[in-house]
Amino acid sequence: MIHVESLCVQYGTAVALDGVSLNVQAGEKVALIGANGAGKSTLLNALSGIVARKSGTIRIDGRLAHVPEGRQLFPELSVDDNLRLGAFRGGDRNPDWIYQLLPELAPRRRQRAGSLSGGQQQMVAIGRGLMSQPDVLAIDEMSLGLAPIVVQRLAAQLIRLNAERGLALLLVEQSARLALSLCDRAYVLETGRVVAQGPAAELRDSSFVERAYLGGPVEGAS
Amino acid sequence: MSAFISYLVHGISVGCGFALVASGIIIIYRVTRVVNLAQGMFSVVAGFAAATLLGVGLPHGLAELGAIGLAAAVGVATGCVAIAKPGTSPQASLIATLGVGIFAYAVEILGWGDQPRSFSGLSGAYEFWGIDVPKQYLLVTLVTFVVFGGLEAFFERTYTGKALSACASNPYAARLQGIGVLRMGLYGFALGGALGGVAGVLLTPLQPISYDSDVSLFVNGFASAILAGLKRPVLGLVGGLVLGIAESMVAGYAKASYQSSLALLLTLAILVAQATRREALHAVEE
């Protein structure tokens, strides 16, 4: 589905991604974890074609929808308009199925997106991504600034979409615990390089990931 | 009383012209975040072109449409200069539009000379309650209201209108949805050019235009646009009407030469008021 090989991205002279390789198969749930500034968002922007790559290859079989960090809605437009614009590349522009999927949005369809709560805005952002009928949904920092209960509700919806529709997920998260609990596999990114990868369960148990990302003990770890 | 109504009718018609220029400024700003200093030039080009096309025998209607089309094309060309280079800031684009406007002086003088030009519009007048209202005034008002109705419907009801608004609202998110921000920006400039053109062909029969008429058109259009907060075109209509009527009253009851000073004073007052708003000050502090 997504095949990235030796990807390098630079902003001026600053290296943002340095030889990153990553794969996401159809229907898979993959996490990309790492600290702030590790290059996670840059990787998603490179997949979306927003930033240019210096070298390496990106191949995407199917349609990718990118839900950006900070929601990035059109705040002056209504919820309905935000969702409809998600289908700009083509396909059905009727968002009724999104309202069935995320019923909390239905009574707010005429409301300005900028006036919604953080959780509702994240739902609109995910709904807008889904409107393009993607094969893979890449979500950048879904949990940022949201109450744990809201995150759990959104996560449950994503898992349902993955199970029922075979939608592949690429979750980019600073919250490693959440990402590793939701996904099958994970990549750990540090200063533009993949420093660890493998099944999520294995990474959860690795002392390196525990120390660096799950708040585990620092002493004695190599 | 009849003098007051006569000034009012004149003010509404002139205000409609300001509103058309303002709507072009608002639309281009709304889509690209660029204040287009060449907006008055679109009206001048259209006025000159309509005079030329009528001069070679084209009938009314066709000549004006051709002139509006040319203004739209000039709008696209201005947009190419102002925003086509990736990474150009709105401030740099603003300076580029100023450059285009000054360059246009040379082209207009070469093409049409430096003397004012005009052409005849609708002749005659209708009488309402004992006051003669020139037919051209009514045409300007009618066309303006139809154009603004169309613009409101376009931005509020159509998918392309929403996509244009999305570009201004959040260009990054617009690109993620596959919306071509540059293409939409050029659509904005084309629409802005056409609206400037409509103002040009409607106002030229009322007041001859010359190559440097763009300054007064822009000043009045910009004053109307910021009166509307540079947000919705339909608010530009309100701004244009307020300014047009105020100027007409000043010219009627005081002195005609105070008219343009009024627009400048109004612009200054609004800019100072907006700059001292609490949010604006906080934005600077951040």
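1. A word on terms before the sheets: two strands count as paired if DSSP finds at least two bridges between them. Helices (H or I, at least four residues) and strands (E, at least two) are DSSP runs, numbered from the N terminus. Please keep in mind that this is a predicted model, in which local features need pLDDT of at least 70, side-chain atom pairs count only at pLDDT 80 or more, and totals for chains, interfaces and linings use all residues. Residues are numbered from 1 along each chain as its sequence is written, while chains are lettered from A and ligands numbered from 1 in the order in which they are written.

2. Let me start with the three-stranded sheet of chain A. This sheet is open, has the strand order 2-1-4 and is antiparallel in its pairing. Its edges are strand 2 (14-24) and strand 4 (55-60) of chain A, each of which pairs on one side only. On average, neighbouring strands here are turned by 25° against each other, direction ignored; axes are lines fitted to C-alpha atoms, for helices over the stretch in contact, and angles run from 0 to 180 degrees between N-to-C directions.

3. Strand 1 (residues 2-11) and strand 2 of chain A are joined by eight bridges in the antiparallel sense. Which residue of strand 2 of chain A is the bridge partner of A:V9? That partner is A:L17, and A:Y11 stands opposite A:A14. Two residues lie between the strands, and A:G12 in the turn has a positive phi of about 65°.

4. Now the other sheet of chain A, which is built from six strands. This sheet is also open, with the order 5-6-7-3-8-9 and mixed pairing. Strand 5 (64-67) and strand 9 (193-199) of chain A are at the edges with a single partner strand each, so one side of each has no neighbour in the sheet. From one strand to the next, the twist averages 15°. Strand 8 (residues 185-190) and strand 9 of chain A run antiparallel and are joined by six bridges; in this pair, A:A186 stands opposite A:G198.

5. Helix 1 of chain A deserves a point to itself. Helix 1 (residues 40-47) of chain A lies across strand 1, strand 2 and strand 4 of chain A, at about 65° to strand 2. Helix 1 of chain A also packs on the six-stranded sheet, touching strand 3 (29-34), strand 5, strand 6 (136-140), strand 7 (168-173) and strand 8, and its direction makes about 145° with that of strand 6. Contact here requires C-beta atoms, placed from the backbone, within 7 Å of each other.

6. Turning to the interface, 14 residues of chain B are in contact with 16 residues of chain A. On the chain B side, the elements giving two or more residues are helix 6 (159-169) and helix 7 (171-176) of chain B. Helix 6 of chain B provides the largest share, six residues. By type, the chain B side divides into seven nonpolar, five polar and two charged residues (Ala, Val, Leu, Ile, Met, Phe, Trp, Tyr, Cys and Pro count as nonpolar, Asp, Glu, Lys and Arg as charged, and the others, Gly among them, as polar).

7. Helix 8 (residues 181-203) of chain B has 20 of its 23 residues buried, where buried means 20 or more other C-beta atoms within 10 Å, exposed 12 or fewer, and partly exposed in between, with C-beta atoms placed from the backbone. In helix 4 (residues 90-112) of chain B, the buried residues include B:A96, B:V100, B:A104 and B:E108. The buried residues of helix 4 pack against helix 2 (39-55), helix 3 and helix 9 (214-227) of chain B. After helix 4 of chain B comes B:G113, with a positive phi near 80°.

8. Finally, confidence. The model scores ipTM 0.87 and pTM 0.84. Chain B averages a pLDDT (the predictor's confidence in each residue, from 0 to 100) of 89, and 95% of its residues score at least 70. Within chain B, helix 3 (residues 62-83) is highest at 97, and helix 12 (residues 278-285) is lowest at a mean of 49. Where pLDDT is low, the predicted coordinates should not be read in detail.

Conventions: Two residues are in contact if their C-beta atoms, placed from the backbone, lie within 7 Å. The expected span of a helix is 1.5 Å times one less than its number of residues.
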